[in-house]
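Open the model in your viewer and keep the selection panel at hand. We will go from stop to stop together.

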Amino acid sequence: MLGPFWTFANILSICRIPLAATAAVIILMDGPVSRSLILIFMAGFTDFLDGMIARSTNTISGWGKILDPAADKFSVVLLGAALVWKNLLPFWFLGAIVIRDVLIVAGGTFLTHRLGRIHMSNLVGKVTTTAIGATFILGLLKADAIVMDIFIWGTVGLLVVSLLIYAARLLNLRNNSTES
């Protein structure tokens, strides 16, 4: 069900975590913003590349379907916590992200156990992750309050929409599995 673990795409997903962790440490230590930004962009690039490589080399695996979103979630928590600690983002914003992710992981785990297969993330989830990243970058760059408010609330809107889409998919897949 999970397939091969050590694929190039999966290694890229795994690399995202130390890149984000290093950026978070730099943020916490008031290091150069440019270094944090480079690491964040490198982590984002691995997120773009891993899926593209898995599809083009036909190495999509159950592990990749787990590792890619898990790396996203760990990276978001690490960077978000550092930005909250440095008062660059509000705590409630990180809390909203974490609550949404916990609900999605719980639903995905339920589906995996119920149906015996792992489902990939959807486009709205990927857009939401990108919006979170953009908001984090703007927070790190200490963008004007109005810009931060627009990005924070826009991202919260995407968090809600993506959670509703995942919930609808969960219910649809669950209902279809009980009809079979």
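The tour below visits helix pairs and then a cavity.

Before you click, note that this is a predicted model, in which local features need pLDDT of at least 70, side-chain atom pairs count only at pLDDT 80 or more, and totals for chains, interfaces and linings use all residues. Residues are numbered from 1 along each chain as its sequence is written, and side-chain values use heavy atoms, with hydrogens and water left out.

**Stop 1: H1 and H2**

Select residues 8-28 for helix H1 and residues 33-56 for helix H2. Helices here are DSSP runs (H or I, at least four residues), numbered from the N terminus. The axes of H1 and H2 come within 8 Å and cross at roughly 165°; axes are lines fitted to C-alpha atoms over the stretch in contact, and angles run from 0 to 180 degrees between N-to-C directions. That makes H1 roughly antiparallel to H2 (angles over 145 degrees count as roughly antiparallel, and those under 35 as roughly parallel). Their crossing is left-handed, meaning that the near helix is turned anticlockwise from the far one by less than a right angle.

**Stop 2: H3 on its own**

Now select 62-85, helix H3. At 1.5 Å a residue, its 24 residues should span 34 Å, and the end C-alpha atoms are 35 Å apart, which agrees; the expected span is 1.5 Å times one less than the number of residues. After H3, click on Asn 87, whose phi is positive, near 60°.

**Stop 3: the partners of H3**

With H5, H3 makes an angle of about 25°, and the axes are 11 Å apart. That makes H3 roughly parallel to H5. The crossing of H3 and H4 is left-handed, and so is that of H3 and H5.

**Stop 4: the cavity**

To see the lining (residues with an atom within 4 Å of a point), select Asp 72, Lys 73, Val 76, Ile 97, Arg 100, Asp 101, Thr 129 and Ile 132.

Definitions and conventions: 1 Å grid on protein atoms, 1.4 Å probe; cavity = no way out; pocket = protein on both sides within 12 Å on 5 of 7 lines; lining within 4 Å. Helix = DSSP H or I, 4+ residues; strand = E, 2+ residues; numbered from the N terminus. Parallel < 35°, antiparallel > 145°, perpendicular 65-115°, else oblique.
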